[in-house]
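Work through the exercises below with the sequence and the structure open. Try each task before reading its solution.

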Amino acid sequence: MENPDYQQDLTATIQELSIAYEELSLLYKVSGIFSSLSIDDICSRMIDEAIDTIGVRTAAILFHDEKNDHLFTKTSKGAWDIDRTFPRDQAVIWKSIESKKPSAFCRVADSQYRGYIPGIKSIMVCPILGKAKTIGAIVVADKEDDQEFFSHDSKLLMAITSQAGLAIENAFLYAELEALLVGAIKSLVKALEATSYWTAGHTERVTEYAISIGRILDLDGDTLEKLKICSLLHDIGKIATPREILNKSEELSESEWIEMKKHPGVGAEILGEMKQFKDVILGIKYHHEHWDGRKSIFGLKNEQIPLLARILSVADTFDALTSDRPYRPKRSREEAAKEIERCSGSQFDPEIVKAFLGWADLSTRQH
Ligand SMILES: [Fe+2]
């Protein structure tokens, strides 16, 4: 660890990753994708919207699988065969996609069209277009009042798909960026852990525990995602903690503890410029606050402490207790869980402890 080459490599890696962060951060800001919905949410909203506004019995969203050059069902409602795929020679749907215009077929007699839905009477297709490419199509069939499709129906369907096409494209971009970002974060954390003898694997385990608690608490997908990034980055501020303190094999002195306790604030500062990370930053900043506020670094207590930080605090402590330290042996999972239960209401939020114990009990039984 004292090897100057190694230190230099590490500094270079961190610098490179910081630049990558900045670029990603800018991309996030420009596309505003953090506020957009997931692909699944966009699709189910499109389906509901089509059924409500056009008054049809069946609606399906088909995505184009570029590799196999066929359409597959992403979401559907009504009498739709979700397992069916549509190769390019299937006229009705592909005609609409290739012309980039909606098409409607009423009093469907052709057996080819009837094949879509048993007893189908009318069908309308509208392509879903992104800026760069065709995403797929939305298909609606059979009006509730058994009327034909009129031109205003196709206008309505076009209005729905033109908005959704761009949103879906953004959501794809977001998913790609997120995978990149999480990858970059993991590399950064690995580089950090490599500088300390005692923290190998800590971050990954804390992330696993925090997400498990979050699932028991029934958090939504977006909050779980933030919790994941928050957990991966929670100790990033230790970059500024002197190596000799991080690697010390005896218990820390008072002044060393003061130094050590700076890491949540430093971590928040490092990420401070990433505005879209606001919740994540607050989770990191306050992950060592105490529920009753008595030993809080920033003087917060109870619900003043952000939820992500309260979860992180329990997950972080559980991993610290179940890991060996040079000045004390590790405790068993059961002993560590008891210690966390003992500190419920003082150090930890009782609700989070309840969820944690639910998970700890479950995972012990599975082991
Ligand atoms: Fe920490």
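**Exercise 1. Find the residues through which two helices meet, and describe how the helices cross.**

Step 1. Lys 226, Leu 227, Cys 230 and Ser 231 of α7 are in contact with Leu 308, Ile 311, Leu 312 and Ala 315 of α12. Two residues are in contact if their C-beta atoms, placed from the backbone, lie within 7 Å. Helices (H or I, at least four residues) and strands (E, at least two) are DSSP runs, numbered from the N terminus.

Step 2. Sort the residues of this contact between α7 and α12: six are nonpolar, one is polar and one is charged. Here Ala, Val, Leu, Ile, Met, Phe, Trp, Tyr, Cys and Pro count as nonpolar, Asp, Glu, Lys and Arg as charged, and the others, Gly among them, as polar.

Step 3. The axes of α7 and α12 are 10 Å apart, and the packing angle is about 50°. Axes are lines fitted to C-alpha atoms, for helices over the stretch in contact, and angles run from 0 to 180 degrees between N-to-C directions. The two helices, α7 and α12, are therefore oblique to each other. Angles under 35 degrees count as roughly parallel, over 145 as roughly antiparallel, 65 to 115 as roughly perpendicular and the rest as oblique.

**A note on the model**

The model is predicted: local features need pLDDT of at least 70, side-chain atom pairs count only at pLDDT 80 or more, and totals for chains, interfaces and linings use all residues. Residues are numbered from 1 along each chain as its sequence is written.

**Exercise 2. State the strand order of the sheet, then follow β5 through its pairings.**

Step 1. Six strands form an open sheet in the order β3-β2-β1-β6-β5-β4, with antiparallel pairing. Two strands pair if DSSP finds at least two bridges between them. The edge strands, β3 (86-87) and β4 (103-105), each pair on one side only.

Step 2. Three bridges join β5 to the antiparallel strand β4, and Phe 105 stands opposite Ile 123.

Step 3. Between β5 (residues 123-129) and β6 (residues 134-143), also antiparallel, there are seven bridges. In β6, Ala 141 is the bridge partner of Ile 123, and Thr 134 is that of Leu 129. A hairpin of four residues links β5 to β6.

Step 4. Ile 123, Val 125, Pro 127 and Leu 129 point one way from β5, while Met 124, Cys 126 and Ile 128 point the other way, and all are buried. A residue is buried if 20 or more other C-beta atoms lie within 10 Å of its own, exposed if 12 or fewer, and partly exposed in between; C-beta atoms are placed from the backbone.

**Exercise 3. Is Ile 297 buried or partly exposed? Describe its surroundings.**

Step 1. Ile 297 lies in the loop between α11 (278-285) and α12 (307-321).

Step 2. Ile 297 has 17 C-beta neighbours inside 10 Å, so this residue counts as partly exposed.

Step 3. Leaving out residues up to four places away in sequence, Ile 297 touches Lys 261, Pro 264, His 288 and Glu 289. Pro 264 is 33 residues from Ile 297 in sequence, and their C-alpha atoms are 9.1 Å apart.
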